[in-house]
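This briefing is meant for someone opening the structure for the first time.

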There are 2 protein chains.
Amino acid sequence: MTSSFLISGPNTNYFLLMKHPFKTIPGSVTAPQGFLASGVFCDIKRLGTGKGSNKGKKRDLGLIVSETPASVAGMFTTNQVCAAPVKVCAERIKKGIARAVVVNSGNANACTGKKGLSDAKAMTALLAKSLKLSAAEIFVASTGRIGVTMPMENIARGIAEASTLLNHSEENGHHVAEAIMTSDTRPKEVAVEFMMDGKPVRIGGTCKGAGMIQPGMSPTGARPASVPLHATMLCFVTTDAAVEKKALDKALLQAVALSFNRITVDGDMSTNDTVLVLANGKSGTKTIRNGSALEKFQAALTHVCLELAKMIVRDGEGVSRFVTVRVDGARNASDADAAARAVANSSLVKTSWFGGDPNWGRILDAIGYSAATVVEEKVDVAYSPSGSKKLLYSLKRGQPTSASFKSLCEVVAQKEFDLHINLNIGKGSAVIYSCDLTEDYVDFNKGDVTDPSTLGG
Amino acid sequence: MTSSFLISGPNTNYFLLMKHPFKTIPGSVTAPQGFLASGVFCDIKRLGTGKGSNKGKKRDLGLIVSETPASVAGMFTTNQVCAAPVKVCAERIKKGIARAVVVNSGNANACTGKKGLSDAKAMTALLAKSLKLSAAEIFVASTGRIGVTMPMENIARGIAEASTLLNHSEENGHHVAEAIMTSDTRPKEVAVEFMMDGKPVRIGGTCKGAGMIQPGMSPTGARPASVPLHATMLCFVTTDAAVEKKALDKALLQAVALSFNRITVDGDMSTNDTVLVLANGKSGTKTIRNGSALEKFQAALTHVCLELAKMIVRDGEGVSRFVTVRVDGARNASDADAAARAVANSSLVKTSWFGGDPNWGRILDAIGYSAATVVEEKVDVAYSPSGSKKLLYSLKRGQPTSASFKSLCEVVAQKEFDLHINLNIGKGSAVIYSCDLTEDYVDFNKGDVTDPSTLGG
């Protein structure tokens with residue numbers, strides 16, 4: 001059986017949100033009260049990865065600082081080859097208190113041995129010194145090239161400069177969103193506001209990720225039993241809600257299960273995947289511990305994580321189509337997840353999407369080799385415009401329908417569409433957010449051996 | 001644990017072949033005594049798949065006939081969505097006697113329901129009538145488009161014509177090799193001869209496969225427990241050795257474990273994968289049941305299957321590089337297999353090979369998320385020219401070596417090279433034969449929605 005933090009019913013959050021409305025507001029990590037941010041260029045990206053849209057003087061180091069100690073929860077890659085900053089965070093998260101996060105792009109600080117670990121700690125120590133905080137309450141994250149030691153002189157210069165630039169502005173939150181980009185073509189930000197105890201509470205977040213994307217995160221980085229796991233994605237969420245550590249852990253577990261752990265770009269799980277949420281209580285509401293208050297917070301947090309997770313897939317390397325793969329009627333949730341992932345990661349299915357081909361043969365093939373129990377004669381396959389309930393069936397009970405090829409092509413020709421698979425043998429459901437596999441993806445990732453700085457590891 | 005028919009030590013056959021020499025001879029399925037073959041064009045390919053090198057009047061139906069009843073063994077896809085001809089073969093194989101095989105390309109007869117099943121049986125009945133044989137001793141295989149019913153008028157015409165053309169010639173064997181091609185760019189044939197009881201014994205075979213390739217076959221098509229499976233490949237082997245059914249089953253099980261079940265092109269396991277071996281005893285040797293005789297036969301059969309399996313990968317859709325992924329030092333064979341498959345199927349690793357990039361970061365990432373136990377600080381990664389024992393290490397005990405980037409690039413720039421991963425924590429070994437992921441693969445498989453005949457399903 002797959003662990004609960006990887007699997008969850010697809011509609012859980014939809015119903016919660018209906019019950020607990022919120023509004024979307026501008027900004028990201030600085031939208032909640034009491035959070036400062038900054039982002040600078042300190043020449044890590046040029047040293048680390050020279051390729052793509054980020055060549056040149058793009059920001060590559062960011063800071064997020066809470067004015068007061070915040071409770072913190074985290075989810076980390078379950079890859080056994082895990083980066084130094086992940087190790088540092090997974091250790092510090094236990095205490096549950098954070099004051100700041102330092103993050104860089106251009107170098108993943110992964111596969112860098114003992115030096116990497118001491119560099120990751122040194123990054124937090126540098127920031128601690130600069131801001132007169134305790135290093136144990138500072139978290140660190142990195143993304144970029146694997147297997148190259150961190151350019152610590154540049155990092156030190158960057159942390160010093162970024163420390164002087166910290167402020168509450170929306171613009172500064174945006175600088176962090178820029179500083180964490182690697183092959184991302186655009187920054188990813190979202191913020192929401194809802195009422196609690198008669199006061200406005202805000203949650204804001206930013207994330208990055210475009211390749212090496214199929215996160216399978218757990219709260220400790222420990223691997224669940226028998227999970228077919230296969231992103232660097234980083235996500236930082238801030239909130240001025242007051243949330244008890246245990247309740248924050250629980251809320252993040254559920255939010256990630258319904259968002260980041262449900263996306264795939266290329267089926268490769270990264271060494272660096274990290275989600276951190278900091279809750280500093282500056283809204284002045286009562287501390288959230290359980291019950292309806294936690295449910296309300298949970299719904300909004302999940303929404304923030306899901307919106308950010310979808311942005312990652314839409315901006316995936318070479319992606320031209322965003323596809324929501326929904327499996328219903330599986331024997332159980334684990335089977336539904338396995339079937340949806342098999343389809344969402346099949347090279348043949350993904351290339352057919354690129355071609356705008358409403359193929360069902362490759363889809364049946366993929367669910368057939370998945371770990372899910374499948375009875376060919378019971379399977380329905382349908383397409384719909386993204387989010388629409390108007391399903392156009394191409395296959396019913398294992399047999400092609402009379403739907404015209406042209407009408408099916410019209411749905412699949414869209415930039416975004418939904419694929420609905422019903423196995424019709426049980427009540428298990430799962431959703432995976434995926435994308436097509438394009439020539440641009442291959443071209444981008446084949447690297448350029450004449451320029452080793454474009455190559456990972 | 002993975003079943004024994006999927007996992008086996010990589011060097012098993014090497015040592016057997018040292019002990020039991022054989023010579024390679026021209027030809028394929030008609031090389032052994034007492035086998036007849038023919039291949040014709042009956043317009044299935046044009047009806048089924050219009051794309052690629054096979055457009056136009058290429059052969060699309062083949063026959064292989066033994067002059068006398070032969071013992072037969074088979075291995076079939078473990079995909080739950082399995083084609084009608086596979087169902088027919090898996091049932092008939094139990095009796096263990098075959099007189100003929102009818103095979104077509106252009107239409108997979110998969111996802112075709114009850115009509116498909118009756119069509120598959122009708123194909124054998126048509127041949128039985130034409131040759132005055134029992135349909136129960138005739139086997140059938142199909143490859144091509146999924147989800148379209150068989151053009152039975154064309155098939156009947158083809159079987160009638162092919163029946164009149166049957167003969168022992170090498171050329172006619174070649175016609176079968178041509179008739180089974182789909183996206184293959186070249187026919188695949190091999191034959192060997194060795195001495196037994198003072199008499200020459202021959203094994204000949206042909207196969208096809210270029211996309212939807214990661215076979216995971218079992219003798220019954222039944223799925224082993226907890227195997228991460230993910231080809232259409234078809235393979236037909238003939239021999240004039242006399243082999244008892246049980247011994248033939250055992251020999252094929254081992255041969256496929258070391259060959260077809262160890263290859264991947266795109267990680268997608270097909271609905272139609274089939275390997276059949278027919279042994280008619282025409283060489284006049286004693287019946288092989290066990291001991292040294294079986295060992296000798298086993299070694300030669302494995303060699304034939306492995307050569308054919310490698311031809312599939314080399315001719316995989318869009319393939320520009322053939323890579324042998326060898327994992328040693330794993331906790332056990334199952335772990336070694338999991339690590340090797342994770343690397344061999346990683347989109348990021350495969351695109352790096354396309355670029356000629358001696359990347360190790362993506363390789364560490366892939367083994368790290370595999371089901372194998374991996375300790376980063378113990379991992380060695382090396383490259384060598386294909387088959388060479390001269391290993392050039394890029395990583396030792398988790399740390400980059402001083403090997404120059406240029407020298408590593410020189411190895412990976414070759415059309416064929418070996419990747420050696422040592423986990424250094426146990427004695428488990430595995431080999432997977434893989435290839436790069438190229439823009440041509442994506443271009444080929446994206447289909448052409450203006451020509452639905454190019455699309456699967």
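How many bridges join β12(B) to β15(B), and do these strands run parallel or antiparallel? In this predicted model, β12(B) and β15(B) run antiparallel and are joined by six bridges. Chain A contains 13 helices and 16 strands, and buried residues make up 66% of its 457 residues.

**The sheet in chain B**

- The strands β12(B) and β15(B) belong to an open sheet of six strands in chain B, whose order is β14-β13-β12-β15-β11-β16 and whose pairing is mixed.
- At the edges of this sheet stand β14 (399–400) and β16 (428–435) of chain B, each of which pairs on one side only.
- Within the sheet, Pro385(B) stands opposite Phe417(B), a residue of β15(B).
- As background, the strands of a sheet pair through backbone hydrogen bonds, and they may do so in a parallel or an antiparallel way.

**Helix α12 of chain B**

- Helix α12(B) packs on the sheet, where it touches β12, β13 and β15 of chain B, and its direction makes about 60° with that of β12(B).
- In this helix, which spans residues 405–412, the residues Leu408(B), Val411(B) and Val412(B) are buried.
- These three residues lie on the same side of α12(B), because they cover an arc of only 95° around the axis.
- An α-helix has 3.6 residues a turn, so residues three or four places apart point the same way.
- The face of α12(B) that is turned away from its buried side carries Lys406(B) and Ser407(B), which are exposed.
- The cover over the buried residues of α12(B) includes α10 (347–354), β12 (380–385), β13 (392–396) and β15 (416–422) of chain B.

**A buried loop residue in chain B**

- Ala371(B) is found in the loop between α11 (361–369) and β12 of chain B.
- Ala371(B) counts as buried because it has 20 C-beta neighbours inside 10 Å.
- Ala371(B) and Arg314(B) are 57 residues apart along the chain, and their C-alpha atoms are separated by 27 Å.

**The sheet in chain A**

- Chain A has an open sheet of six strands in the order β14-β13-β12-β15-β11-β16, with mixed pairing, and its edge strands are β14 and β16 (428–435) of chain A.
- Strand β11(A), residues 322–330, pairs with β16(A) in the antiparallel sense over seven bridges, and Ala330(A) stands opposite Gly428(A) in β16(A).
- Helix α12(A) lies across β12 (380–385), β13 (392–396) and β15 (416–422) of chain A, and runs at about 60° to β12(A).

**The contact between the chains**

- The contact takes 57 residues from chain A and 57 residues from chain B.
- On the side of chain A that touches chain B, the elements that each supply at least two residues include α10 (347–354), α12 (405–412) and α13 (439–445) of chain A, while the largest share, seven residues, comes from α11(A).
- The residues on this side of chain A divide into 22 nonpolar, 26 polar and nine charged.

**How the two copies are related**

- Chain A is superposed on chain B by a rotation of 180° with 0.0 Å of shift along its axis, at an RMSD of 0.0 Å, and that is the relation of a two-fold axis.
- Among the C-alpha atoms of chain A, that of Glu439(A) is the nearest to the axis, at 2.4 Å from it.
- The same surface serves both copies, as 100% of the contact residues of chain A recur in chain B.

Key
Residues numbered from 1 in each chain as written. Chains lettered and ligands numbered in written order. Predicted model: local features only at pLDDT ≥ 70, side-chain atom pairs only at ≥ 80, totals over all residues. Contact = placed C-beta atoms within 7 Å. Helix = DSSP H or I, 4+ residues; strand = E, 2+ residues; numbered from the N terminus. Nonpolar A, V, L, I, M, F, W, Y, C, P; charged D, E, K, R; others polar. Least-squares fit on C-alpha atoms with pLDDT ≥ 70 in both. Buried ≥ 20, exposed ≤ 12 C-beta atoms within 10 Å, placed from the backbone. Arc of directions from axis to C-beta. Pairing = 2+ DSSP bridges. Axes fitted to C-alpha atoms, helices over the stretch in contact; angles between N-to-C directions.
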